[in-house]
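The tour below moves from one selection to the next.

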Amino acid sequence: MVMNMTEKVFRISGMHCAACSASLEKFMSRQSAVAEVSVNLTTEKMRIVFDDTLDNDKICELVSRLGF
């Protein structure tokens, strides 16, 4: 079965250091629906490629779990 992949960029607030962005990137990359993720501390953005089992609300919920 082929999943549709979506690429989006989210603005992430609340990151203060490289450890913040690294922990978010590591956490999101462990999600089964996520194919690629990169978090940039300087621009406060997360680029994520995910399949159709995930949606914007769920992504926001996951990011919120880490306090961002």
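Which elements do the buried residues of H2 pack against? They pack against E1, helix H1 (18-29) and E3, where a contact means heavy atoms within 4.5 Å. Helices (H or I, at least four residues) and strands (E, at least two) are DSSP runs, numbered from the N terminus. Buried means under 20% relative accessible area, exposed over 50%, and partly exposed in between (1.4 Å probe, protein chains only).

This is a predicted model, in which local features need pLDDT of at least 70 and side-chain atom pairs count only at pLDDT 80 or more, while totals for chains, interfaces and linings use all residues. Residues are numbered from 1 along each chain as its sequence is written, and side-chain values use heavy atoms, with hydrogens and water left out.

**Whole chain**

Show the chain as a cartoon. The protein chain has 2 helices and 3 strands, and from the N terminus on its elements run β-α-β-β-α. The C-alpha trace spans about 40 × 20 × 20 Å along its principal axes. Its radius of gyration is 11 Å, which agrees with the value near 11 Å for a compact globule of 68 residues; this radius is taken over C-alpha atoms, and the globule rule is 2.2 Å times the number of residues to the power 0.38. Of the 68 residues, 31% count as buried. Among contacts between residues at least 6 apart in sequence, 56% join residues at least 24 apart.

**Helix H2**

Select residues 56-65, which form helix H2, and show side chains. Ile59, Leu62 and Val63 are buried here. Viewed down the axis of H2, its buried residues fall within an arc of 100°, so they line one face of the helix; the arc is that of the directions from the helix axis to the C-beta atoms. Turn to the other side of H2, where Asp57 and Arg65 are exposed.

Next, go to the start of H2. A side-chain oxygen of Asp55 comes to within 3.2 Å of the backbone nitrogen of Asp57. After H2 comes Gly67, with a positive phi near 90°.

**The strands**

Select strand E3 (45-51). It is mostly covered, with 5 of its 7 residues buried. Val9 stands opposite Arg47 in E3.

E2 and E3 run antiparallel and are joined by 6 bridges, with Val39 opposite Met46 in E3.

Zoom in on the hairpin of E2 and E3, which has 4 residues between the strands. Glu44 is partly exposed, with a relative accessible area of 24%.

**The cysteines**

With a disulfide defined as a pair of cysteine sulfur atoms within 2.5 Å, the count comes to 0 disulfides. For Cys20, the nearest cysteine sulfur is that of Cys17, 3.7 Å away. Cys20 counts as buried, at 16% relative accessibility. Cys60 is in no disulfide either, and its nearest cysteine sulfur, that of Cys20, is 18 Å away. Cys60 is partly exposed, with a relative accessible area of 39%.

Key
Two strands pair if DSSP finds at least two bridges between them. A polar contact is a pair of N or O atoms within 3.5 Å; within protein, one must be able to donate a hydrogen and the other to accept it, and residues adjacent in sequence count only if both atoms are side-chain atoms.
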